[in-house]
Amino acid sequence: MVDAGLVVCRAIQPIGISDAIIEKIRALQHAISLGMVVIHFFYGGMSRAKAEKSLRLFAEKVLPAVQAMPTPINPASLGQPRS
C-alpha cells in the first residue's frame with residue numbers, strides 16, 4: 001500500500017533526471033514565484049560519492065536552467081491581480 005502523503009511529496013519535489021528536475025522547479029516557479037531553492041543531495045544511507053555525483057550533475061545540468069528562470073513570474077505571488 002502506497003502512502004498518499006509520500007505520493008504528493010514525491011510529485012512536487014525536484015527528484016529525478018535533470019530534465020525532470022528542471023520542469024518541476026519551473027512548474028513551482030510558475031505557480032509560486034520561488035525566490036530560493038534549497039536542494040539536499042545527501043540522504044540517510046547514501047554514500048558520500050553518490051551525493052557528490054548528484055551535486056555535480058545538478059551544478060552542471062540543472063543550475064544554469066534554474067538561474068536563467070525569471071523571478072518573480074507570477075504576479076499573484078506578489079499580491080497583484082492576474083492580467
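Does Phe58 count as buried or exposed, and at what relative accessibility? Phe58 comes out as buried, because its relative accessibility is 13% and the cut-off for buried is under 20%. Keep in mind that this is a predicted model.

**View 1. Phe58 and its aromatic partner, Phe41.** The count of aromatic pairs here comes to one. Its ring centres, those of Phe41 and Phe58, sit 5.4 Å apart with the planes at 65°, so the pair goes down as edge-to-face; the cut-off for that label is over 60 degrees. The two partners come from distant parts of the chain, 17 residues apart: Phe41 belongs to the loop between helix 2 and helix 3, while Phe58 is in helix 3.

**View 2. The largest pocket, seen around its centre.** Roughly speaking, you get about 630 Å³ of space in here. The lining runs to 24 residues, and Pro14, Ile15, Ile39, His40 and Tyr43 are the ones nearest the centre.

**View 3. Who lines the largest pocket.** Helix 2 (18–32) and helix 3 (48–68) each put at least two residues into the lining. Helix 2 gives the most, with five residues.

View 4. Across the protein chain the pLDDT averages 83, and 86% of the residues score at least 70.

Definitions and conventions
Residues are numbered from 1 along each chain as its sequence is written. This is a predicted model: local features need pLDDT of at least 70, side-chain atom pairs count only at pLDDT 80 or more; totals for chains, interfaces and linings use all residues. Side-chain values use heavy atoms; hydrogens and water are left out. On a 1 Å grid over the protein atoms alone, a cavity is a set of points where a 1.4 Å probe fits but cannot get out, and a pocket is an open set with protein on both sides within 12 Å along at least five of seven lines; lining residues have an atom within 4 Å of a point. Grid points are joined across faces, edges and corners, and a volume is the space filled by probe spheres set on the points. Helices (H or I, at least four residues) and strands (E, at least two) are DSSP runs, numbered from the N terminus. Rings of Phe, Tyr and Trp (its six-membered ring) pair if their centres lie within 6.5 Å; planes under 30 degrees apart count as stacked, over 60 as edge-to-face and the rest as tilted. Buried means under 20% relative accessible area, exposed over 50%, partly exposed in between (1.4 Å probe, protein chains only). pLDDT is the predictor's confidence in each residue, from 0 to 100.
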